[in-house]
Amino acid sequence: MSVCVRIAPSPTGNLHIGTARTAVFNWLYARRHGGRFILRIEDTDRDRSLPRYTRNILAGLAWLGLDWDEGPVYQSKRIERYQAVVQQLLDQGLAYRCYVSEAELEEMRAAQKAAGKAPRYDNRHRFLTEAQRRAYEAEGRQPVIRFKIEEPLEVSWVDLIRGPITWNTQDLGGDMVIARADGCPLYNLAVVVDDIDMGITHVIRGEDHIGNTPKQILLYRALGHEPPQFAHSPLILNPEGKKLSKRDGATSVTEFQQLGFLPEALKNYLALLSWSPPDGEELFSLEKAAALFDFDRVNRAAARFDWDKLNWINSQYIKRLSPPELVERLTPFWQAAGFDLSEVPDPTWLEDVARLIADGIDRLAEAPPLSRFLFQEPLSYTLPALEQLRLPGVAEAMAAMATTLAAAELPQVSADSLKPLVDQVAKGQNMKKGLLMKSLRAALTGDLQGPDLLESFALLQRRGWALGRLEAVQKLVSC
């Protein structure tokens with residue numbers, strides 16, 4: 001059997017991180033078995049499906065590098081196909097027109113609740129006579145289409161992740177609606193028809209769909225097809241074990257992209273949510289993971305989203321980038337911060353900045369605040385930096401540093417060539433090296449924390465800013 005899987009997001013919101021994890025699992029399984037990975041857009045909800053969400057989903061999957069073999073297929077363009085299947089079920093007596101009004105349904109649910117029963121449709125219109133149907137239509141009622149669910153009946157399947165599952169049809173809420181009064185198909189019908197037509201062999205999705213599975217199995221069989229195999233992956237929860245929400249920092253792939261996560265790092269982490277490779281490695285490409293992926297190593301327990309681990313994985317991928325690659329990734333973040341990249345002193349300057357800060361960031365979005373002192377003039381100072389510069393003797397030491405720097409003839413500006421100048425000033429001012437270095441950082445960067453000082457000093461000198469900042473200290477401390 002040739003494996004065929006699909007990812008089928010609904011464009012009612014941006015690409016969710018849970019949907020992205022499902023896409024990763026489908027992609028891995030398809031590539032492991034040399035099968036097909038299909039993208040389907042389930043956009044039959046006319047009120048909530050919006051083009052901007054479709055664009056976001058397509059862009060997010062493409063950014064992650066989850067290439068699909070077929071699609072995108074849009075359900076909204078297959079309405080006639082679904083309607084033909086609905087008519088087939090009606091003609092076979094497996095479905096019927098239901099004229100129950102919303103008010104009658106609410107009354108029925110209220111009575112069930114008062115009796116301590118679970119809400120369900122009582123199938124009251126399953127056996128309407130032709131005269132009764134005509135009477136309802138004469139009232140102007142527009143019928144929905146319901147699929148007959150026989151009771152009692154057990155529906156069983158062997159889930160590839162969760163093992164054997166059995167569901168009694170008495171717990172399915174009565175005959176289910178498969179098409180609205182306007183003829184628009186509902187989820188369970190459209191999904192089954194699509195999966196049949198596309199030859200889907202494995203349905204890999206979140207465990208929140210388990211309740212839909214018995215209904216869909218009944219539809220497959222009613223349409224004369226054996227169901228595909230099902231694999232329901234555990235949900236992704238926040239560290240406290242609750243549903244992941246915006247309060248946890250991010251829920252959509254776009255937000256993770258904006259936070260500065262690399263696509264290769266994010267999909268690496270998503271693969272590790274509930275799955276682990278047999279070799280125990282935590283850093284791997286999806287191509288490598290595809291050779292190892294199977295459902296016997298997918299944990300049934302809910303996955304806890306671990307920001308620290310994601311940050312660590314992302315930092316490792318950042319460190320692996322060459323300076324030119326890192327500059328390319330950082331450029332949109334620097335530009336978004338308002339940095340003018342056109343006025344850098346030489347072609348390698350940005351690469352040296354990237355090399356300087358690579359070890360100090362977990363996410364690309366952390367780069368602008370860390371490197372701001374290298375891009376923006378005039379310099380702003382933190383309160384601790386100002387306090388450092390106002391210590392006795394510091395302003396004089398900075399003036400001496402400025403004089404020494406202006407007089408120096410450096411064949412090449414680098415951390416190595418600047419170190420002797422710093423040593424010379426420390427000795428000449430009879431100042432401890434630690435105090436001088438701390439003060440020098442405050443004068444050059446406006447802060448007491450930051451990347452390597454001598455490397456920063458060199459970058460500022462190459463830009464022509466170091467001397468001016470040192471000379472500005474005297475005026476600054478006198479204010």
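**Ground rules.** The model is predicted; I took local features only at pLDDT of at least 70 and side-chain atom pairs at 80 or more, while totals for chains, interfaces and linings use all residues. Residues count from 1 along each chain as its sequence is written, and side-chain values use heavy atoms, without hydrogens or water.

I started with strand β6, residues 154-159 (strands are DSSP E runs of at least two residues, helices H or I runs of at least four, numbered from the N terminus). Its side chains alternate. V155, W157 and D159 point to one face and are buried (under 20% relative accessible area, 1.4 Å probe, protein chains only). I then looked up the partner, β7 (residues 163-168), which pairs antiparallel with β6 over six bridges (pairing needs at least two DSSP bridges). V158 has P164 as its bridge partner.

**Helix pair.** I checked α16 (residues 394-407) against α17 (residues 415-428): their axes, lines fitted to C-alpha atoms over the stretch in contact, come within 10 Å and cross at roughly 135 degrees. Contact (heavy atoms within 4.5 Å) involves A397, A400, M401, T404 and L405 of α16 and L418, L421, V422, Q424 and V425 of α17.

**Helix α9.** I found nine of the 10 residues of α9 (263-272) buried, so the rest of the structure largely encloses this helix. K267 and N268 are among the buried residues. Just after α9, S274 takes a positive phi of about 90 degrees.

Note on methods
Buried means under 20% relative accessible area, exposed over 50%, partly exposed in between (1.4 Å probe, protein chains only). Axes are lines fitted to C-alpha atoms, for helices over the stretch in contact, and angles run from 0 to 180 degrees between N-to-C directions.
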